[in-house]
Amino acid sequence: MTTFRRSSLLLAFVLATSPAYGQSSRKRPSKKKPAATQPVKTTKAPPADDSDDDDSVEPRAFGTPEEEANTQVPPLVTSDAPTKAAPTQTSKVSATASATAVTAGGPLALFTVARMPAFEDAARKLEDDLIRQLKAGGGVELVDLSVVFPPAPPASLARADTLFEQGRSDYDNLDPESAEAKFLAAAEAYTQHPAELDTERLGKAYLFLGASRMLNGDSAGAMDAFRRAVVAEPTTTPDAALFGQDVMKSFDQARAEVKARPAGTLVVESKPAGANVTLRGRELGVTPLKGVEVPAGQHPVVVTLPGHSSFAQYTDVASSKSTEVKATLEPTPGLAAVRDAASHAATEQAFERNTPPPETLAIAERLDARYVVLAAVSRGEKGRMQAELQAWDVRTQARLRGVEISLAPGEKKLTPAAAADQVRAFVNGVTAPRSTESNTFSTIIKRPWFWAVVGGAAAVTAGAVFMATSQDKGRPFNPVSGGIGF
């Protein structure tokens, strides 16, 4: 009896101190893991995994105590207090990410919001600056809004083409009066759609309009049409087989006059800024665009920005003068909904949450993004504009928080470039936040074997908790799509 009691006590001691108790019994020849201090008892041990490719059974997002001890790069953000974007630290982190050729594990969506209406322009400028810094530094995959929100289908030019062909028929049938009316209508129809305008077609329409006016005895009107043809498409040239010498001579004179005229300058502004500007299909740059020299005359100016309705205008550029074009670009309904969600996800209350706000999850789902970065512009203690930036990894729910950006002129430390470096380091895992929690249950639920044991009951419970904590006042979270009305 004494022997049996001793054997029972010995067996209980072995089970209580065994690190494999209730866990996978797989051997790990290459690494020695520290013994668990609090073994978890289960009724059934999970099946052993014979694969030797993966030495870890839990996500690596938060690291292990052993890995933390061997880590040389200090995290930029801790769970206790926010940090400031110091350029000295961030430049080293950026260099580390580049040297190891590590790239983000999914697309990143970035939006800035203004917590006060007076800061909207500053918020848009900061957003453009942050995106530009992330693109320049590389290592981050940004969501392409032009793919998510494609532009509207181009307008049809069929009516203009039909009018042009009718004018050709009247011109060939020696009916110059009817031909002039048809060519004039065709030119006006072409210019009504600057975004889809084919300058070669417009140049030919003005050429035939001038030729028709010459047949009607309107020499001055013919010269005006010929000059418009040259400006619309400089390569326009009358065919000697179709036109007489009078047309050929007058057209050459019009070309010489256009070439001799002093050029004008074009100034293009857009709200929001950062839009692409094209002139007769040639890219000129992004807004605000100033002092671009273009030939005097009428030109199709097109201003486009992904996720926004395009702006197109047939603009008359005066010789030796500056011509201004101001474009207001309205967001598409889809992008407007995303920006509205970003405004709710970037409030002070939302930034204090320990889990991603439902609007953040909705943005990630709508844009198919893994990372959602939000920056909120507000007024600081000294009355200066500043911004606070947070980034969520919606897959692991890891967070970068407390990144401060100063928008004061001449700022050298808390710059958008320094903040972009911190975001880049976060998404590439260089400065992944480390878990400082000692809660045993929090550690246990990350183990795959835990979910294998508890099965569907845990999944149902987790779903119920998520639904109970994912309600925002006046904006119910959609449990089916994960969205908020997109």
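Predicted model: local features only at pLDDT ≥ 70, side-chain atom pairs only at ≥ 80, totals over all residues.
Reader: How do α6 and α7 pack, in terms of angle and axes?

Author: Helix α6, residues 158–172, packs against helix α7, residues 176–191, at an angle of about 160°, and their axes are 8 Å apart. Because angles over 145 degrees count as roughly antiparallel, that is the relation of α6 to α7. Their crossing is left-handed.

Reader: Which residues of α6 and α7 make the contact?

Author: On the α6 side they include L163, F164, D170 and Y171, and on the α7 side they include S178, A179, K182 and F183. By class, this contact of α6 with α7 has 10 nonpolar, 3 polar and 5 charged residues.

Reader: Is D170 buried or exposed?

Author: D170, a residue of helix α6, is buried, with a relative accessible area of 14%. Leaving aside residues up to four places away in sequence, D170 touches D175, S178, A179 and K182.

Reader: And what about phi of L174?

Author: Phi of L174 is near 60°, a positive value in a residue other than glycine. L174 sits in the loop between α6 and α7 and is exposed, with a relative accessible area of 72%. For context, most residues other than glycine have a negative phi.

Reader: Where does S320 lie?

Author: S320 belongs to the loop between β7 and β8. Its phi is positive, about 60°, although S320 is not a glycine. At 56% relative accessibility, S320 counts as exposed.

Reader: Changing topic to the sheets: what is the strand order of the open sheet with mixed pairing?

Author: The order is β1-β9-β10-β11, an open sheet of 4 strands. β1 (108–114) and β11 (398–406) are at the edges with a single partner strand each, so one side of each has no neighbour in the sheet. From one strand to the next, the twist averages 15°.

Reader: How many bridges pair β1 and β9?

Author: There are 7 bridges, and β1 and β9 (residues 371–379) pair in the parallel sense. F111, for instance, has L374 as its bridge partner in β9.

Reader: Which strands does helix α4 touch?

Author: Helix α4, residues 120–137, packs on this sheet and touches β1, β9, β10 and β11, with its direction at about 160° to that of β1. Helix α14, residues 416–427, also lies across β1, β9, β10 and β11, and runs at about 170° to β11.

Reader: What is the order of the open sheet with antiparallel pairing?

Author: That sheet has 4 strands in the order β4-β3-β6-β7. The edge strands are β4 (282–286) and β7 (311–317), each pairing on one side only. Neighbouring strands are turned by 25° against each other on average, direction ignored. Within this sheet, 4 bridges join β3 to the antiparallel strand β6, and T278 has V302 as its bridge partner in β6.

Reader: Finally, how many residues of helix α13 are buried?

Author: Of the 10 residues of helix α13 (residues 358–367), 8 are buried, so the helix is largely enclosed by the rest of the structure. Among them are P358, E359, I363 and L367. Just after α13, D368 takes a positive phi of about 55°.

Definitions and conventions
Residues numbered from 1 in each chain as written. Heavy atoms only, no water. Axes fitted to C-alpha atoms, helices over the stretch in contact; angles between N-to-C directions. Helix = DSSP H or I, 4+ residues; strand = E, 2+ residues; numbered from the N terminus. Parallel < 35°, antiparallel > 145°, perpendicular 65-115°, else oblique. Left-handed = near helix turned anticlockwise from the far one by under 90°. Contact = heavy atoms within 4.5 Å. Nonpolar A, V, L, I, M, F, W, Y, C, P; charged D, E, K, R; others polar. Buried < 20%, exposed > 50% of the residue type's maximum accessible area, 1.4 Å probe, protein only. Pairing = 2+ DSSP bridges.
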